[in-house]
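Dear colleague,

My notes on it follow directly after.

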Amino acid sequence: MTAAISVGISLLLLGLAFWTVVARDTFAAVAGFIPYGLLLTLAWLVLRAVDVALTEAAIGAGLTGALLIRAASRLRSTELAARAETPGLATRVGAGLAAAGVAGGVAACLLSLPDPAPTLAPQVAQEIHRTGVGNPITAVLLSFRAIDTLLEAIVLLFGVVGVWSLASDACWGGRPGVAQAVGPNDILVYLARVLPPIGVVIGIYIFWVGADHPGGKFQGATVIAAMWLLVMMSGLRDAPSTGRRRLRAVLILGPTVFIALGLLGVPAAGALLAYPDGWAKPWIIVIEAALLPSLAVTLVLLLVGPPQRPEAHR
């Protein structure tokens, strides 16, 4: 039964991947990409990688899908001109050969791996108890691969700066998007009043159990960000002003705490991003607690886009 499910998911993934690549219409390609991410979530669940599945559903299909939809809507005016352009035969053949070459190179690398493939899993398994964290994914991301996790948080922060840089000088420091106007009896308003308390509790729970069970800061932050976006879409709250110091302080809170504790590890544990004996789990929880609000705010600001209204025009 599991083999049949795996084969079915694999075929659907290949079909959606092919559709996403060959579709000429931008929205059609995005429409194929989002279910592709959801199917990847199922694939990770079949492989019993629950943490990766949660991240794929939240970041891969959810956040990335929403960003692509927004980008597709902004590119709609150029869609007809792009469709009218027909690449020549030489261009198409060259692109096909290049794609086949990349696919062949990746396949050759995978087939040339020794059996069993090289892995650090035994060494990690021997040392993971020192972190005091029950969830191996959290232990690896915040201990053995801490520098990668730190850089991921910083890259997202730079992404927000890049989005803000698209604003005009007159709107710099203002509010993103247009003010939402929804009727007081609209179903969206009802959902925005009922769901956020539940969603925030679920997001905090997913974050808290991430130390010992599937979950963590990224997944919890995505749920909290979705609740905030729902409130803004309903018109109950306006988008935050990007010039507020408190908003910017929350943005840099997570990376700042991460860097500070990483530097503190040099005198306390003898290495950058190292943890003193017996203090690994408390430090990891502090880092994740600081990253949770930063990631939630970052995800929201990435989705709402650059400032489009001066702060004076509320």
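Ile 34 lies in helix α2. Please bear in mind throughout that the model is a predicted one. Ile 34 is partly exposed, because its relative accessible area is 22% and the buried class ends under 20%. When residues up to four places away in sequence are not counted, Ile 34 touches Ala 61, Gly 65 and Ile 69. Its C-alpha atom is separated by 37 Å from that of Pro 282, a residue 248 positions away along the chain.

Thr 41 also belongs to helix α2. With a relative accessible area of 11%, Thr 41 is buried. Apart from neighbours within four places in sequence, the residues in contact with Thr 41 are Ala 53, Glu 56 and Ala 57.

As to the helix as a whole, α2 covers residues 26-46, which makes 21 residues. At 1.5 Å a residue α2 should span 30 Å, and the distance between its end C-alpha atoms, 30 Å, agrees with this. The buried residues of α2 are Ala 28, Ala 29, Val 30, Gly 32, Gly 37, Leu 39, Thr 41 and Ala 43. Their cover includes α1 (2-22) and α3 (50-74).

Both ends of α2 deserve a remark. The N-terminal end is capped by Asp 25, with a side-chain oxygen 3.1 Å from the backbone nitrogen of Phe 27. Just after α2, Arg 48 adopts a positive phi of about 65°.

**The packing of α8 and α12**

Helix α8 (residues 146-164) packs with helix α12 (residues 280-304) at an angle of about 30°, and their axes are 10 Å apart. The crossing of α8 past α12 is left-handed. On the α8 side the contact is made by Ala 153, Leu 156, Leu 157, Gly 159, Val 160, Val 163 and Trp 164. On the α12 side, Leu 291, Leu 295, Thr 298, Leu 301 and Leu 302 take part. Of the residues in this contact, ten are nonpolar, two are polar and none is charged.

**A buried loop residue**

Asn 135 is found in the loop between α6 (121-127) and α7 (136-144). Is Asn 135 buried or exposed? Asn 135 counts as buried, since its relative accessibility is 4% and the limit for that class is under 20%. The side chain of Asn 135 reaches the backbone oxygen of Gly 210 at a distance of 3.0 Å. Leaving out residues up to four places away in sequence, Asn 135 touches Asp 51 as well as Gly 210, Ala 211, Asp 212, His 213, Pro 214 and Gly 215.

**The protein overall**

For orientation, the protein contains twelve helices and two strands. From the N terminus on, the order of the elements is α-α-α-α-α-α-α-α-β-α-α-α-α-β. The C-alpha trace spans about 60 × 55 × 40 Å along its principal axes. There are 314 residues, of which 36% count as buried. Among the contacts with a separation of 6 or more, 76% are accounted for by residues 24 or more positions apart.

With kind regards

Conventions. Residues are numbered from 1 along each chain as its sequence is written. This is a predicted model: local features need pLDDT of at least 70, side-chain atom pairs count only at pLDDT 80 or more; totals for chains, interfaces and linings use all residues. Side-chain values use heavy atoms; hydrogens and water are left out. Helices (H or I, at least four residues) and strands (E, at least two) are DSSP runs, numbered from the N terminus. The expected span of a helix is 1.5 Å times one less than its number of residues. Buried means under 20% relative accessible area, exposed over 50%, partly exposed in between (1.4 Å probe, protein chains only). Contact means heavy atoms within 4.5 Å. A polar contact is a pair of N or O atoms within 3.5 Å; within protein, one must be able to donate a hydrogen and the other to accept it, and residues adjacent in sequence count only if both atoms are side-chain atoms. Axes are lines fitted to C-alpha atoms, for helices over the stretch in contact, and angles run from 0 to 180 degrees between N-to-C directions. A crossing is left-handed if the near helix is turned anticlockwise from the far one by less than a right angle, and right-handed if clockwise. Ala, Val, Leu, Ile, Met, Phe, Trp, Tyr, Cys and Pro count as nonpolar, Asp, Glu, Lys and Arg as charged, and the others, Gly among them, as polar.
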